[in-house]
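The report below describes a two-chain model, beginning with the contacts between the chains and ending with local features.

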Amino acid sequence: MPRVLAAMRSRLLAVAERRLPALTRLRLPEPVPLTLHRRRIYVLPTAFGLGFAVLLLVMLLGALNYGNNPALLLTCLIGGIVGASLFAGFHALHGLRLLQLHAPEMHAGARAVLGLRFDPAARSRPGLRLRHDNEELGFALPAVPTVVELPWTAPGRGWQRCGRLRLWTEYPLGLFDIWSWVNPAPAFLVYPALEADAPPLPEGQGAIGERARHGDDEELAGLRDYRSNDARRLIAWKASLRHDHLLVREVEPRAGLALTLDYDRLHGLGHEARIRRLAAWVVAADAQAASYTLRLPDSCLGPARGAEHRRECLRALALLPAAEAVP
Amino acid sequence: MKRVLDRAQFALLVVAVAATIATHLPHLPAWLAPALALAIGLRVGWRRGHPGSVRAILRLPLAAALLVAVVGEYGNVFGRDPGSAFGCGLLALKLLETETPRDARVALAFCAFVLMSALLFEQGLPFTLLVCAVLILQVAALNRLEPAPLPGRQPLWRSLALAARLALVATPLALVGFVLVPRLGTPLWGSPGSDGLGRTGLADSMAPGQFNDLMLDDSPALRVTFDAALPPPSAQYFRTLVLSDFDGTTWTRVMSGLRHAPRPVQAGSGQRYDYRITLEPSRQRWLPALDVPVSVPAGAVLAGDDTLIANLPVTQPREYAVTSISGGRDVESLPGYLRQRLLRLPPDVGLRARALAAQWRAEAGNDAGVVERALALFRSDFSYTLSPPLLGRDSIDEFLFDTRSGFCEHYASAFVFLMRAAGIPARVATGYQGGWWSGAGGYLLVRQSDAHAWAEIWRDGVGWLRVDPTAAVAPQRIDLGARQVNDAPKWTQAGWVRALRNHVDLVNRWWTQGVVRFDALRQRALLSEFGISHNEHGDLLLMLAGALALLMLLATVWALHATRDRSGDALDRVWRRLRRDLARAGVASRDCDGPSTLWQRVRDIDAELARSLQPVIDAYARLRYGVARPDDGEVARLSLNARQWSRQRLQRRRLARCLQSVAAATGINTALHRGRS
């Protein structure tokens, strides 16, 4: 039953958005920074608010019936507080700006954390809440621009938007639901999902550099300064100790054994499955600090190694056209 | 995801609930308050170690037990007293199951209701202020339920401050509502005030020594305003009851018939007083008035003994206007049956007093002589005290011949007895005498402690005469008031405390007159002062709607008013204003833009404009980056220059931009029309 209701609700919402774009607004993505102004903030009483209104009515009738003026004054005061809370809640949302969004590198289907940078327009705002898909989080903003972290699972590869967010508050007394829809335009590049339990790297491999690692005499291996994306197991700890900064063993590329990850050679797999396997291999090869070449239907990347190369490869995979577009 | 109350939220909730129940403490049954305190205490202690609500198997029997106990105490659960006891109990039981914010909200809403019902019992200003303080606590608890408070060490303080601010903002709204909400002419259900508030006050019987408690009760009994000058103390006798039957120890009231017209008084005799009395609730039907009332206020009748009797018990402060004549000569004569009754004495009591009266009668020969002898006796060696020795069965003889000390009740009782024994029809009158004149308020404040008893005797050809035997013993009791004379061992009766209390009463009177008594009539009177004479319910609602709309509009303006950025120094503010003016004129800029970047942006749009802006930009750059501390005078000059420049150069641009956008908007509309058709 709840499922039927939810389906009906979403269908109604879709109809409403198609018919009344001005009312439901923000179906379309809009560029950031964006400001929550009065025309896009909506207010309705919550269930508690409605119940409280009924209670107030009963109190009013009681006070009038017994001709009890202090009780009437108290009832009026509570009514005034309800009214004031409405404006306080609106004030908490009004003028809030969403400055920018940023996301880390992420793969489709994996949980990531989006950073939403809000400008609270020079006043602190407690009791704000954000709903996105099924995620819900509460946050408070101090009077300075602040980043709010929103967990998010990207649905697919390529350029993806985070979709519509409901920014809302019941501040200060939980009597009114005050909300605004936000659909930011910025899209994030989402890498393809990694195939779970992917087969080992093709032809042997990934063994490049093993000789240097297992060399008896470390002095013989070339050493260079540590760079931030070097694999940790390549660090030459003893040598680093002697030189007071981190050194890494130079792994020598072996051109002849270079790894090739070829889209066309993955027979028997669908388009997306191939992309997932290639992505998994790229990540695996990079973890082994191997040098590899990625061959795609219309491009060829490498041979190279390192974080930059990995990013390029994953980006190319992410942006491959969908299946029907591939010739 | 189900949120659960954290410890601080729960603690504040418990405090709010406990404070709400505390407002009912004075009238809760003695067993209930400790039981509720125990239940709440156990719940708080238990929740510390065992989160989760108390099981229904425990809660339901408790609720049933509460119901049974309340019914056992009062007989039912309906009505003011049992209802509020039951409500308090339910509120405490609600705490047992409260775990989520949702539960807590329901509990707090119920709290508000229970809090309001406390006002059915007591309506004084101090209590109402206390109730408002508890309300603020409740609102703070409600606010505390919101997720994600601002990080900081004092969220409780923040919630309380917010609640107080909300209440402050709500005050105008509350006052408008209070003044304009149409009052009901007749109650929808029940009879209002059937469970109003009662105080101890005068009783309809009097045994000497009984007033004692009343004499120490400093609460106001009535307040009187006089149309003309204040009568002298010797005329400030507010007759309330007439007691004419005596059984040897107690004087009791006899229901005499009603008068259809005020007692006729000889024209031209006596002094006429027009005055208005505000009577505190007494839960009795009698209304005090000066000597002989010649007008009867609405909703009251005149009894045969010239006292005013209301149709309903006085459970709300009641105001009435009366005209009285003091010291007038009666036209009527005393009917025979009445004379018989007013001479009747119980047998076997006061034999020595009877003998004394007979002796006086023989010596004096006339009534005046008897009265004179009686007063002379009291004047001789009787003393006035509020703590007299206890009297035995024959109170009259013991008082007259043994103890010889007492207060008004003793003297009035003994005097009336002596008069009847001497053949003069007499009766005891009780009421209030004297009071405290509030010069600032222009009214006479009469307290319960001003209660007094005196005698009235009938003299043929003259009529009823007031004789106050207490005045013979302690004349200052009449001239200066009860407080001056009565022994006052307690510090609360020190002079300055009394003065303070009398001034506080001014506020109380204002509260009673302005708020507690603000009924449909007063509402009409107040509005007609503002020239609104036709105020039927519909008109009132219309005005209410108008006033609320106006207040809402003000609140909207406040809510839409963007908060100004007040950070930085004066130079920063100049810069922000310049950027804002430029943005309005269509030159967008970014927070990170420095002076030269901003200037370039202006130049990109309008080279001429940029050239005129150059001096302002240069001055800003020099002050901001060229010197360690900008000179105040120079900043002020720059501010002036920048403002002038904005006004001269940007005004036209803004206007043009405005027109443009209007044109664009209409253009869009036309495009839309075209698209539709």
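A salt bridge is taken here as a side-chain nitrogen of Lys or Arg within 4 Å of a carboxyl oxygen of Asp or Glu. The model is a predicted one, in which local features need pLDDT of at least 70 and side-chain atom pairs count only at pLDDT 80 or more, whereas totals for chains, interfaces and linings use all residues. Residues are numbered from 1 along each chain as its sequence is written, chains are lettered from A and ligands numbered from 1 in the order in which they are written, and side-chain values use heavy atoms, with hydrogens and water left out.

Two of the salt bridges in the model, one of them within chain A, are listed here.

| Pair | Closest N and O atoms |
|---|---|
| B:Arg105 and A:Glu170 | 3.6 Å |
| A:Glu30 and A:Arg40 | 2.8 Å |

Because A:Glu30 lies in the loop between α2 (21-24) and β1 (34-35) of chain A, and A:Arg40 in the loop between β1 and β2 (42-45), this pair ties together parts that are ten residues apart in sequence; helices (H or I, at least four residues) and strands (E, at least two) are DSSP runs, numbered from the N terminus.

Across the interface, 62 residues of chain B are in contact with 51 residues of chain A, contact meaning heavy atoms within 4.5 Å. The two chains bury about 4,700 Å² between them, 76% of it on carbon and sulfur atoms, where buried area is the accessible area (1.4 Å probe) lost on putting the two parts together, summed over both.

On the local scale, the peptide bond from A:Tyr171 to A:Pro172 is cis, with omega near 0 degrees, and A:Pro172 is found in the loop between β9 (165-169) and β10 (176-182) of chain A. A:Asp133, a residue other than glycine, has a positive phi near 50 degrees, and its place is in the loop between β5 (125-132) and β6 (135-141) of chain A.
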